[in-house]
Amino acid sequence: MSRFNEFLHRTGERMALPKATRGLILVEIASDLEDLFHFYLQQGLSEEDAASRAEEKVDMSDEALAELVRVHSEVRSWTERIGLGAQASLERIAMTLLVLFFVAAAVLSADGRVLIYLTGFVWPIFAILLLLVATFAVQMASFSDHPHPRRLREQLATPLFLGAGSVVVGFLSAGIQLYQALMGMAADPPHAGILFSAAVLGSTATVVCSLLVALIAGFLWFVLAGRVARFEEAVAEKLWEVR
Amino acid sequence: MPATHDPAGPVTRLELDPQSLARSCHEAMILAALADEPRHGYQLALEIEERSGGTFRFNHGTLYPILHKLEADSFIEGTWTASTGKRRRRRYCLTAAGREHLSALRGAWETFVAALFEVIGRNQP
């Protein structure tokens, strides 16, 4: 039992932060407390005085604590505020929906009817989807290498960037298709109706694909965010154990 | 961060606002203390106290928000290191972005201090 447990408990109770984040901060504070305690012992103070001086030096004012919470709230995602247990359940639902979606997509596209309205513009979106799945696989695999929690959190943005990229590509492609149709309609007025219908169907299919990829990106990000939060909590608990 | 700091660009000048001046001052001191070598939180406070001849006495409690903000801004990087008795300690080191930020802060503080002395003057020897 550490001589600073009571102080750390009091400090932890004042931090309105997720358990994992709070744990990591408390381990850091505990480490500094021990260092300061030994420093004051070397200065000739008694154990009691050294402990008291160390606590005094590390004690956080309400302003400092509020600032610390603000800094960490900026980098925390809303997913961590719903609790890790609830998040794990939501992840399972998200992954089930994702699998069901892929199965449904495979069944529906088996006869090729769903795909007939897709144009060549859909390939960049498929490329983004492949990149997304590969990124997800790499990030999930990286947990076993015991990486730095901060690095994992930084990588969390990648699926979101890819999802946003898919939407941009989708709408750009739709714009180009409609523009090409308008040019065709001007050159060939008798077939304007057919050209316009084909362009609307093609561009809508492209946009739907891009939005689906963005949705998948959101699902994958959600799953990764949960894994990172649980990983951080495990790291915090481990650090606490060996303290 | 001073009011003139844009996360995408360097600090150019300091605003005469107590809060941002204090923060900028703390940031500059912490980054400068990390410029030579990586340090633990408690070493940082002692180093600043020693370098300033005791003028700047850091309460460790105020150090954490600044350190964690600097880390969130990627100016420093904290890593857990194992020390004697298996105790884990957090050690911070300066990143390349942090070095640039420190250089910008130094420039801004030089300008600020020079301007301050222009206004208040110096004591005659």
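Which residues of α4(B) are buried? They are G98(B), H101(B), L102(B), L105(B) and A108(B). The model is predicted. Chain A has nine helices and zero strands, while chain B has four helices and three strands. In the model, 24 residues of chain A are in contact with 19 residues of chain B.

**Chain A overall**

- The order of elements along chain A is α-α-α-α-α-α-α-α-α.
- Chain A has 243 residues, of which 33% count as buried.
- Of the contacts in chain A that link residues at least 6 apart in sequence, 78% are between residues at least 24 apart.

**Chain B overall**

- The order of elements along chain B is α-β-α-α-β-β-α.
- Chain B has 125 residues, of which 33% count as buried.
- Of the contacts in chain B that link residues at least 6 apart in sequence, 45% are between residues at least 24 apart.

**The largest nonpolar core**

- The largest nonpolar core holds 65 residues, and the members that touch the most others are L33(A), L132(A), V213(A), A217(A), L220(A), I30(B) and L67(B).
- Helix α9 of chain A, residues 192-242, supplies the largest share of this core, with 14 residues.
- Both domain 1 (5-75) and domain 2 (83-242) of chain A contribute residues, so the core lies between these domains.

**Contact between the chains**

- On chain A, 24 residues are in contact with 19 residues of chain B.
- The elements giving two or more residues to the side of chain A that touches chain B are α2 (19-42), α3 (47-58), α4 (62-75) and α9 of chain A.
- α2(A) gives the most to this side, with eight residues.
- By residue class, the side of chain A that touches chain B has 11 nonpolar, four polar and nine charged residues.

**Helix α1 of chain A**

- Helix α1 of chain A covers residues 5-13, and its buried residues are F7(A), L8(A) and T11(A).
- Viewed down the axis of α1(A), these buried residues fall within an arc of 95°, so they line one face of the helix.
- The buried residues of α1(A) pack against α2 and α3 of chain A.
- The exposed residues N5(A), E6(A), H9(A), R10(A) and E13(A) sit on the face of α1(A) turned away from its buried side.

- A50(A) belongs to helix α3 of chain A.
- A50(A) is buried, because 20 other C-beta atoms lie within 10 Å.
- Not counting residues up to four places away in sequence, A50(A) touches F37(A), Y40(A), L41(A) and L45(A).
- A50(A) and F37(A) are 13 residues apart along the chain, and their C-alpha atoms are separated by 5.2 Å.
- R70(A) belongs to helix α4 of chain A.
- R70(A) is exposed, because 12 other C-beta atoms lie within 10 Å.
- R70(A) and L17(A) are 53 residues apart in sequence, with a C-alpha to C-alpha distance of 9.4 Å.

**Helix α4 of chain B**

- Helix α4 of chain B covers residues 96-120; at 1.5 Å a residue its 25 residues should span 36 Å, and the end C-alpha atoms are 36 Å apart, which agrees.
- The cover over the buried residues of α4(B) includes α1 (18-36), β2 (76-82) and β3 (88-94) of chain B.
- G121(B) follows α4(B) and has a positive phi, near 75°.

**S74(B)**

- S74(B) lies in the loop between α3 (60-72) and β2 of chain B.
- S74(B) is a residue other than glycine with a positive phi, near 65°.
- Most residues other than glycine have a negative phi.
- S74(B) counts as partly exposed, because it has 15 C-beta neighbours inside 10 Å.

Methods:
Residues numbered from 1 in each chain as written. Chains lettered and ligands numbered in written order. Predicted model: local features only at pLDDT ≥ 70, side-chain atom pairs only at ≥ 80, totals over all residues. Core = buried A, V, L, I, M, F, W, Y, C linked by C-beta atoms within 7 Å. Domains from an automatic or database assignment. Contact = placed C-beta atoms within 7 Å. Nonpolar A, V, L, I, M, F, W, Y, C, P; charged D, E, K, R; others polar. Arc of directions from axis to C-beta. Expected span 1.5 Å × (residues − 1).
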